[in-house]
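Dear colleague,

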Amino acid sequence: MNPRTISKRERQGAILEIIRNHRVNSQMELRNLLLDEEIEVTQATLSRDLKELRLVKVPGARGDAHYTLPEEWEHTPPLGTLLPTLFLSVEGTGNLLVVRTMTGGAQAVATGIDWEEWPEVLGTIAGDDTILIILREEREVKRVQSRILEIAGEG
């Protein structure tokens, strides 16, 4: 067996397919199932893929945890997909950032930010086209603002 080189999109698609068709209890088990498909992946890359794909471990009926894609996340694209499409601006003051989005985009973008679990972010509040991001420290405003601009394709 010769593991093949594939794109990130193909690899993540294979991971989703495996998760939908198998009860996967660990990253090692998932890695072995990928190897069965002739897809080699490092542990670090697999961990990043699991986070980006929003896969979470949930307890099974017998107490054994397995990976799944929660239904509420299945219909919300990742932040890297949302921001370039919906982003308008970001401004900061004190320990607050205000992100403006296209009409109707704030809830999805705020959910994406929440999912990222950035350590600097205490929480988000979203309206229809505006998100208030509350940061833990005032000194983190520029860093998070830069990250948002970069993800939005503006940085």
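Strands E4 (96-101) and E6 (residues 130-135) run antiparallel and are joined by five bridges. Helices (H or I, at least four residues) and strands (E, at least two) are DSSP runs, numbered from the N terminus, and two strands pair if DSSP finds at least two bridges between them. In this pairing, Leu 96 stands opposite Ile 134 in E6.

This is a predicted model, in which local features need pLDDT of at least 70, side-chain atom pairs count only at pLDDT 80 or more, and totals for chains, interfaces and linings use all residues. Residues are numbered from 1 along each chain as its sequence is written, and side-chain values use heavy atoms, with hydrogens and water left out.

E6 also pairs with E5 in the antiparallel sense, again over five bridges. A hairpin of three residues connects E5 to E6. Across this pairing, Gly 123 stands opposite Ile 134 and Ala 126 opposite Ile 131.

The open sheet as a whole comprises four strands in the order E3-E4-E6-E5, with antiparallel pairing. Strand E3 (87-93) and strand E5 (121-126) stand at the edges with a single partner strand each, so one side of each has no neighbour in the sheet. On average, neighbouring strands are turned by 20° against each other, direction ignored. Axes are lines fitted to C-alpha atoms, for helices over the stretch in contact, and angles run from 0 to 180 degrees between N-to-C directions.

Two helices pack on the sheet. Helix H6 (residues 106-116) touches E4, E5 and E6, and its direction makes about 165° with that of E5; contact means heavy atoms within 4.5 Å. Helix H7 (residues 141-151) lies across E3, E4 and E6, running at about 175° to E3. The covered face of E6 presents Ile 131, Ile 133 and Leu 135, whereas Thr 130, Leu 132 and Ile 134 are on the uncovered one.

Elsewhere, helix H1 (residues 8-21) packs against helix H2 (residues 27-36) at an angle of about 110°, with the axes 10 Å apart. H1 is therefore roughly perpendicular to H2 (a term for angles of 65 to 115 degrees). The contact involves Ala 14, Ile 15, Ile 18 and Ile 19 of H1, together with Leu 30, Leu 33 and Leu 34 of H2. By class, this contact has seven nonpolar, no polar and no charged residues; Ala, Val, Leu, Ile, Met, Phe, Trp, Tyr, Cys and Pro count as nonpolar, Asp, Glu, Lys and Arg as charged, and the others, Gly among them, as polar.

How values were computed. Parallel < 35°, antiparallel > 145°, perpendicular 65-115°, else oblique. Buried < 20%, exposed > 50% of the residue type's maximum accessible area, 1.4 Å probe, protein only.
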